Structures are given as structure tokens and as C-alpha cells.
Amino acid sequence: MKETSEKTGSNIVLALDLTQKKSSNLLSKSIGMLETVYPYICAVKINRQLTLPLGVFEGIRKVVNFAHDYELPVIMDCKINDVGYTNRAIAEWYFKAGFDAVTANPFVGWCSGLDQVFEAANKMRKGVILLVYMSHKGSEEGYGQIVQDQETSKLSPQYTVFAKKALSWGADGVVVGATYPEKIKEVFKFLKNRVPIYSPGIGVQGGKIESTAAAGTRFFIVGRAITLSEEPDKTAKAIRDISKRFMTEY
Ligand code: XMP
């Protein structure tokens with residue numbers, strides 16, 4: 001990510017979440033969107049809006065290959081959240097389909113949980129990005145609850161415990177919603193530049209590049225603000241230009 005970000009001069013991850021009633025032209029629309037905005041992004045993030053209708057080894061592999069042709073890494077936002085052997089299978093299949101990284105949920109823990117995902121990723125030289133605080137309102141109910149940190153026995157917010165785990169588990173990134181700059185600030189204060197922060201929720205969900213960047217976000221995940229725009233290329237460029245002002249700080 002660091003390399004492509006430097007090469008492209010962008011820190012925008014496109015959330016390619018196109019939706020349609022019929023899947024027939026979803027593939028060509030997805031590829032068309034990439035073709036339009038690729039100069040302004042540093043990576044692509046795919047979610048179930050595309051994997052379910054297109055199929056991972058059918059349509060999705062074509063989208064992944066297309067992004068790779070432009071040297072853009074592709075993240076599968078699958079939020080892995082099961083027991084170890086299932087987690088491993090999920091991660092391995094996505095990696096075999098060409099994805100460069102997966103997202104995973106630290107709520108399931110390490111032993112016989114996410115240990116298997118990290119093992120598979122290390123073996124296949126891929127990445128794991130952990131959820132630390134999500135962008136929606138209900139995030140507070142889980143990621144924001146006060147828990148007893150098992151290491152220190154102190155009462156701490158769940159997300160700060162997850163940020164510590166991201167560092168000790170060797171995560172390649174953490175997700176903290178752009179809608180919560182104060183949480184980004186807190187997580188950044190601990191992680192510094194050791195694990196980069198990815199923030200979804202820019203635009204449609206209300207997050208702003210300026211406050212998010214000032215708080216410590218390295219990569220901005222942007223979906224509908226670009227994909228639903230009348231002129232996705234112009235919008236992507238405008239968002240890239242705003243975010244670019246903050247790139248030198250890291
Ligand atoms: P929009 O259209 O809101 O798309 O720009 C955002 C994309 O990011 C996903 N999303 C999240 N993924 N943690 C994640 O790992 C989050 O807190 C989070 N919030 C949004 C969303 O599903 C969409 O693909």
C-alpha cells in the first residue's frame with residue numbers, strides 16, 4: 001500500500017460497491033468504474049455487494065485482475081469472524097482468487113480464531129486489516145464498550161484493546177471509522193506509524209477528509225461519494241486532491 005500510494009500520489013481506497021437489480025452488467029459497470037477512476041486511487045476494496053452476485057472465481061477475479069493490471073492492490077472486506085479452521089478457509093480462498101488483503105474482526109480472538117488467518121496470510125504473503133472501531137452508530141455497543149484489558153487488568157474501551165492487539169498480532173492495518181475522528185486520534189496516539197489507519201465513512205456517512213487526516217488516518221476508504229457521483233472521475237480527483245495535502249505528514 002505504501003508503495004502504490006507513493007507511486008500514484010493517492011491515499012484513496014475505492015470501495016467498489018456497485019449495486020443493481022440484475023447482475024448482468026454489474027461486471028462491465030465495475031470494470032468501467034475502475035477504468036474511469038484508477039488514476040486517482042491507490043487501492044480497491046471489494047465487499048459482498050459484488051462478490052455475491054458476480055462470484056469470486058468468475059466475475060470478481062476479472063475485477064481483481066483488472067485492478068492488478070493497473071498495479072492497484074485489492075482488499076476483500078469480508079470481516080472474517082468465525083472459528084479458526086473456517087477463518088483459514090475463507091482467507092485462503094480469497095487469497096487464491098487474487099485478493100491482496102482481507103479484513104477480519106478481532107472480537108473472535110487469537111487462539112483458534114484469527115491466528116489461522118494471520119498464518120495463512122504470512123504464508124501467502126498477503127495482508128490482514130483488523131476492525132478497531134466501525135463507522136456506523138451502533139459501533140459503540142461493541143467496539144466502544146468498556147472492558148477489562150486482560151493484560152493490564154485496567155478498564156479500557158474495547159477499541160483501544162483491539163488497537164494493542166493489532167500491533168502485537170502484526171496486522172497490516174486497522175479500520176477506524178472516519179465518522180469518529182476522536183477515536184482515530186486515540187488509536188493513532190498509540191499505534192503512531194507502526195500500523196496504518198484506514199477510515200471508511202467519508203462523504204455519504206458524514207466523515208470528512210480534513211478532520212480524519214488530522215486525527216491520523218493514512219488511507220481513506222471512499223465508496224458512494226465516488227460511485228454514485230454524476231462524474232466519478234472528477235469527484236475522485238477532487239477527493240484525492242484534498243487528501244493529498246495531508247500525505248506528506250506521514
Ligand atoms: P461508503 O459508500 O460509505 O462505503 O463510502 C464504505 C465502504 O466501507 C465499508 N465500511 C466499513 N468497513 N469497517 C469496515 O471494515 C467499517 O467500519 C466500515 N464502515 C463501512 C462499507 O461496507 C462500504 O464497503
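Predicted model: local features only at pLDDT ≥ 70, side-chain atom pairs only at ≥ 80, totals over all residues.

Residues are numbered from 1 along each chain as its sequence is written, and side-chain values use heavy atoms, with hydrogens and water left out.

Q: Which strands make up the closed barrel?
A: The eight strands go β1-β2-β3-β4-β5-β8-β9-β10, with parallel pairing. From one strand to the next, the twist averages 30 degrees.

Q: Why are β4 and β5 called a pair?
A: Pairing takes at least two bridges found by DSSP. Strand β4 (residues 101-104) and strand β5 (residues 127-133) have four bridges, so they qualify. Val-102 has Val-128 as its bridge partner in β5, and Ala-101 stands opposite Gly-127.

Q: What makes β3 and β4 a pair?
A: They share three bridges in the parallel sense, and the rule asks for at least two, so they pair too. Here Ile-75 stands opposite Ala-101 in β4.

Q: How do you know that both faces of β4 are covered?
A: Buried means under 20% relative accessible area, with exposed over 50% and partly exposed in between (1.4 Å probe, protein chains only). Ala-101 and Thr-103 on one side are buried, and so are Val-102 and Ala-104 on the other. In a regular strand, side chains alternate between the two faces of the sheet.

Notes:
Axes fitted to C-alpha atoms, helices over the stretch in contact; angles between N-to-C directions.
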